[in-house]
Amino acid sequence: MEKNKDTLGLHTFMQDRKTLFCYSGPLTEDLLTTISNPVRHQLSDKETEETVSKRVFGVFIEQAQNIIRYSTQKTKSTGDSIGTIAISVAEDGFLIEAVNKIDENKRDVLEATLVELSVADQKALRQMYKQRLRDGPPEDSEGAGLGFIEMARRVKHFEFNFVESEEGALFVYRGWVS
Amino acid sequence: MKFEKTQRTPLVEIGSSSCLIKGECYPENIAEWSGPVLEALKKTLADANTQFNVDIELYYFNSSSAKFLFDFFEFLEESSEEGKKIRINWRYRAEDDTMLEAGEDFQEDITACEYNLVIVEYASEE
């Protein structure tokens, strides 16, 4: 009976918070390819303005790839990155949420980068993006080092924090698009 | 030379005097995808002795692909400086501010090639 309650609870919880899409587990590029279209359909179903759904999709892709590249929690057999990513309907748009385990040693750098991005205006963000393109990726980046700048440009506002857990530091991200 | 579009990569068509890139670009591994494309473009452009037109019509690209586009334009600039006549048309949909801004950003670093921002009235996703 208790377990049944949990299952129904999960459903009700997701419905009540208007979560359109949520995935928690090993995330791979193959899986991202598979879920891209359903996520888009969900977005176009809820949002008539294509520019808004494209922004949501952009943030979703960048953050999903962040998890794939930087989550330090891996599956035993294949070493796939584990994390959680969700898109929900928020007051006047959408909320993109993500959680993943990060390398404790990279926390300070990540925090400093995100603090800088969170206070920058659109003009400054655009400038930072261009500068990063010209300079090339930073040393420890597996992508172009542009992901968080791109996300900051697409969201209206974002929040983040680090939570200590038994398995290490968790990175928690919330970005609003409208 | 034609690279068919996939769910996460655009169509690329390279002719003797033109190159078209159209669609969306957020591949799993940008270097893996862009390597053969750049290689084909280099070969074609080496033999081109008339005006070479590059048309780019993207609806979405991720940040890793932005780096590819930057390198792609840098190559075109170098070719232009070496004497090739190159015209780049950055095509974007009228309401697509994100793609307009991206087109403007790339434009800032382009001096040798002719570069146009072109509004497309209607663009099919196909």
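In which sense, left-handed or right-handed, does H5(A) pass H6(A) in their crossing? The first view answers this for a predicted model, in which local features need pLDDT of at least 70 and side-chain atom pairs count only at pLDDT 80 or more, while totals for chains, interfaces and linings use all residues. Residues are numbered from 1 along each chain as its sequence is written, and chains are lettered from A and ligands numbered from 1 in the order in which they are written.

**View 1. Packing of H5(A) against H6(A).** Helix H5 (residues 122-135) and helix H6 (residues 147-154) of chain A pack at about 155 degrees with axes 10 Å apart (helices, H or I, of at least four residues, and strands, E, of at least two, are DSSP runs numbered from the N terminus; axes are lines fitted to C-alpha atoms, for helices over the stretch in contact, and angles run from 0 to 180 degrees between N-to-C directions). The two helices are therefore roughly antiparallel (angles over 145 degrees count as such, and those under 35 as roughly parallel). H5(A) passes H6(A) in a left-handed crossing (the near helix is turned anticlockwise from the far one by less than a right angle; clockwise is right-handed). Among the residues making the contact are Leu125(A) and Tyr129(A) of H5(A) and Ile149(A) of H6(A) (contact means C-beta atoms, placed from the backbone, within 7 Å).

**View 2. Packing of H1(B) against H2(B).** The axes of H1(B) and helix H2 (residues 63-81) of chain B come within 11 Å and cross at roughly 15 degrees, which makes H1(B) roughly parallel to H2(B). H1(B) passes H2(B) in a right-handed crossing. Residues including Leu38(B) and Leu45(B) in H1(B) meet residues of H2(B), among them Phe68(B), Phe72(B) and Phe75(B).

**View 3. The open sheet of chain B.** In chain B, 6 strands form an open sheet of mixed pairing in the order S1-S2-S3-S4-S5-S6 (two strands pair if DSSP finds at least two bridges between them). Strands S1 (2-3) and S6 (114-120) stand at the edges with a single partner strand each, so one side of each is left without a neighbour in the sheet. Strand S5 (residues 86-93) and S6(B) pair in the parallel sense over 7 bridges, and Asn89(B) has Asn116(B) as its bridge partner in S6(B).

**View 4. Contact between chain A and chain B.** Here 16 residues of chain A are in contact with 17 residues of chain B. On the side of chain A that touches chain B, H3(A) supplies the largest share, 5 residues.

Note on methods. Angles under 35 degrees count as roughly parallel, over 145 as roughly antiparallel, 65 to 115 as roughly perpendicular and the rest as oblique. Two residues are in contact if their C-beta atoms, placed from the backbone, lie within 7 Å.
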